[in-house]
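Here's a quick tour for anyone opening this one up for the first time. Take a look at the model, then read on.

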Amino acid sequence: DTGGFSSVFEQLFGRRERGQTRARPRGHEPPADLEHTVDLSFEDAARGRSLPLQIQRGAKVETIEVKIPGGVKDGSRVRIRGQGHQSNGQAGDLYIVTRVAPHPYFRRDGLDIFLDLPVSLYEAMLGAKVEVPTLDGPVTLTIPPGTSGGTKLRIRGRGVHRGGEKGDQIVIVKVIVPRDLDAEDKRAIEALARKHPLRPRAGLDW
């Protein structure tokens with residue numbers, strides 16, 4: 001009676017659960033993914049670019065062209081299907097890990113790019129047209145008369161591009177005041193203050 005022997009065998013060694021993974025025969029390992037780090041400038045991360053990439057597969061080095069989409073950040077992972085290790089006629093995926101260099105004067109928050117713009121006290125008081133940099137080249141920005149320090153001026157569509165989305169560039173005005181005033185300068189400023197008194201802290205419950 002083989003049924004009784006089978007029962008005893010299962011009690012001693014445990015019943016094999018249905019669907020339990022079998023040992024994979026040699027030579028049938030699944031294809032493995034690859035990971036590669038690339039260095040990008042701030043501009044390339046914001047706008048995207050194509051670049052050649054050398055991939056080591058075993059003893060063989062291949063050069064492929066990869067497309068880095070706009071909008072990636074430092075540490076983003078971009079998946080390139082079918083460019084990983086190959087095994088049994090199948091290929092794994094390649095993951096591009098981005099390392100983005102900081103910019104000397106731009107900084108990013110989401111899809112918006114921020115820029116501090118120094119302006120003179122006279123430009124802030126009287127208004128001016130100032131050339132400012134963007135990722136797509138310089139533009140002329142109007143500083144309205146009477147602009148205070150910390151005012152944010154928006155340049156639409158000049159931020160990060162990600163798919164169909166476009167962020168803005170936010171320009172933060174930093175007012176630079178003159179130093180080393182002589183007695184005549186001080187008298188002129190005091191006269192101006194008497195003529196146009198300001199209460200910048202009015203309404204603050206300090």
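The largest pocket holds about 650 Å³ of space. Keep in mind that this is a predicted model. Of the 19 residues lining the largest pocket, L121, M125, I189, L192 and L198 sit closest to its centre. Helices α3 (121–126) and α4 (183–195) each give at least two residues to that lining. Sorted by class, the lining of the largest pocket looks like this:

Now for the largest nonpolar core. It has 21 residues, and L117, V132, L141 and I143 are the ones that touch the most other members. Two or more residues come from each of α2 (42–47), β9 (112–120), β10 (128–132), β11 (139–143), β12 (152–155) and β15 (169–176). The largest share, four residues, belongs to β9. Zoom in on I143 and, leaving out residues up to four places away in sequence, you'll find it touching L117, V119, E123, G127, A128, V130 and L153. Apart from this core lies another one, of 16 residues, including L34, V38, L40 and V100.

Next, the aromatic rings. There are two aromatic pairs in the structure. In one of them, F42 and F106 have ring centres 6.3 Å apart and planes at 25°, so this pair counts as stacked. F42 belongs to helix α2 and F106 to strand β8 (residues 106–109), so the pair ties together parts that are 64 residues apart in sequence. F42 and F106 are both buried. Ring pairs also bring in Y105, linking F42, Y105 and F106 into a cluster.

Notes. Residues are numbered from 1 along each chain as its sequence is written. This is a predicted model: local features need pLDDT of at least 70, side-chain atom pairs count only at pLDDT 80 or more; totals for chains, interfaces and linings use all residues. Side-chain values use heavy atoms; hydrogens and water are left out. A nonpolar core is a set of buried Ala, Val, Leu, Ile, Met, Phe, Trp, Tyr and Cys residues joined through side-chain atoms within 4.5 Å. Buried means under 20% relative accessible area, exposed over 50%, partly exposed in between (1.4 Å probe, protein chains only). Contact means heavy atoms within 4.5 Å. On a 1 Å grid over the protein atoms alone, a cavity is a set of points where a 1.4 Å probe fits but cannot get out, and a pocket is an open set with protein on both sides within 12 Å along at least five of seven lines; lining residues have an atom within 4 Å of a point. Grid points are joined across faces, edges and corners, and a volume is the space filled by probe spheres set on the points. Ala, Val, Leu, Ile, Met, Phe, Trp, Tyr, Cys and Pro count as nonpolar, Asp, Glu, Lys and Arg as charged, and the others, Gly among them, as polar. Rings of Phe, Tyr and Trp (its six-membered ring) pair if their centres lie within 6.5 Å; planes under 30 degrees apart count as stacked, over 60 as edge-to-face and the rest as tilted.
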